[in-house]
Amino acid sequence: MNGPLTILGIESSCDDTGAAILRHVPGARPEILSNVVSGQTALHADFGGVVPEIAARAHVEKLDPCTAEALGRAGVTLDGIDGIAVTAGPGLIGGVMAGVMFAKGLAAARGLPLIGVNHLAGHALTPRLTGDVAFPYLMLLVSGGHCQFLRVDGPDDFVRLGGTIDDAPGEAFDKVAQALALPQPGGPNVEICARDGTDRIALPRPLMDREGCDMSFSGLKTAVLRARDAALVDGALPRAARADICASFQAAMAEILARKSRRAIAQAGPVTTLAVAGGVAANVAIRAAIEDVAREAGIGFDAPPLALCTDNAAMIAWAGIERFRLGHRDGMDLAARPRWPLDAGATPMLGSGRKGAKA
């Protein structure tokens with residue numbers, strides 16, 4: 001379909017329920033008419049991480065009101081929707097199933113096309129939603145459940161160059177926050193704490209001596225635990241020590257991602273842009289380090305607005321539009337998937353993070 005499209009996007013892969021309305025006219029920039037996100041931070045606060053069963057029940061409760069709110073904010077009804085794009089994986093299977101079943105029900109009831117979207121493709125294609133980035137480009141997808149370098153050659157054409165072999169960066173941020181008695185979600189609170197500290201603690205940069213773009217963050221997390229224990233005074237961690245540990249951890253994370261980005265650029269071949277997306281891309285220090293790498297390489301840099309770095313339905317709607325224009329449609333047999341690699345030919349990544357399976 002080459003005419004104007006108005007797509008409803010549905011996202012429920014982890015602990016954010018999202019619904020968004022996106023409109024696109026060929027030759028014009030996409031227009032986000034609404035983008036509603038209902039978070040679950042309070043529901044999981046006492047558990048130190050996302051509880052899949054709690055998350056799934058919350059999605060079931062929130063999908064209907066979030067969709068109604070998205071339609072209301074956009075000023076459209078379901079009669080004005082051309083199709084429904086829904087995250088079909090990867091992610092926590094209960095939440096993914098809730099979203100897929102909800103989208104199937106709407107599609108069947110209204111006779112609308114259904115487009116299953118890979119959640120990672122939503123992140124990876126966001127630069128084309130917000131920045132009109134041309135193929136091929138290099139994407140660093142860095143979030144709570146995933147971390148990988150992708151060469152993006154088309155809406156359905158991804159080549160994975162490397163990724164984490166254990167913890168994802170966002171998961172490491174959460175675990176560090178928990179170890180330092182900081183509130184969840186860990187990423188924003190570690191970043192805030194780091195502002196009052198200095199990068200004075202020697203922390204490892206794992207896999208820097210290994211060729212390629214694979215990364216490891218488990219050892220860095222363990223080193224933070226040791227630094228915390230060494231800084232205790234009468235069983236308590238002084239505020240200044242906590243800030244220095246956060247600053248040192250953030251600096252190590254930024255350096256690892258920057259140095260591996262240089263290798264990914266060299267490995268990718270000609271690309272127009274180095275883009276970064278995912279929740280950890282909201283970290284200002286990490287963004288700046290990766291932007292410096294792109295500048296050094298003489299290529300463009302793109303990072304979505306902070307609100308579109310974390311999980312949201314606008315990116316799912318856009319990925320749905322990209323697939324829809326290629327002729328993709330899904331039937332009522334669309335399956336929810338806990339794992340769904342973007343590059344099906346690549347060797348599966350090792351490990352499985354607390355916030356979702358690696359892919």
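This is a predicted model: local features need pLDDT of at least 70, side-chain atom pairs count only at pLDDT 80 or more; totals for chains, interfaces and linings use all residues.

Trainee: OK, the open sheet of five strands: what's the order?

Mentor: The order runs S8-S7-S6-S9-S10, and the pairing is mixed. Strand S8 (157–163) and strand S10 (300–302) are at the edges; each has a single partner strand, so one side of each has no neighbour in the sheet. On average, neighbouring strands are turned by 20° against each other, direction ignored.

Trainee: How do S9 and S10 pair, parallel or antiparallel?

Mentor: Parallel, over three bridges, with strand S9 covering residues 273–277. Thr273 stands opposite Gly300 in S10.

Trainee: And which strands does H9 lie across?

Mentor: H9 lies across S6, S9 and S10, at about 160° to S10. H8 lies across S6, S7, S8 and S9, at about 150° to S6.

Trainee: Switching to helix H6, which residues are buried?

Mentor: Gly186, Val190, Glu191, Cys193 and Ala194. They span an arc of only 165° around the axis, so they sit on the same side of H6.

Trainee: What do those buried residues pack against?

Mentor: Helix H5 (169–179), helix H8 (239–268) and helix H9 (284–297).

Trainee: Last one: His59. Buried or exposed?

Mentor: Buried, with a relative accessible area of 0%. His59 is in helix H2 (residues 52–74).

Trainee: Which side chain does the side chain of His59 join in a polar contact?

Mentor: That of Thr17, at 2.7 Å. A polar atom of the His59 side chain also lies 2.8 Å from the backbone oxygen of Cys14.

Note on methods: Residues are numbered from 1 along each chain as its sequence is written. Side-chain values use heavy atoms; hydrogens and water are left out. Buried means under 20% relative accessible area, exposed over 50%, partly exposed in between (1.4 Å probe, protein chains only). Helices (H or I, at least four residues) and strands (E, at least two) are DSSP runs, numbered from the N terminus. The arc is that of the directions from the helix axis to the C-beta atoms. Contact means heavy atoms within 4.5 Å. A polar contact is a pair of N or O atoms within 3.5 Å; within protein, one must be able to donate a hydrogen and the other to accept it, and residues adjacent in sequence count only if both atoms are side-chain atoms. Two strands pair if DSSP finds at least two bridges between them. Axes are lines fitted to C-alpha atoms, for helices over the stretch in contact, and angles run from 0 to 180 degrees between N-to-C directions.
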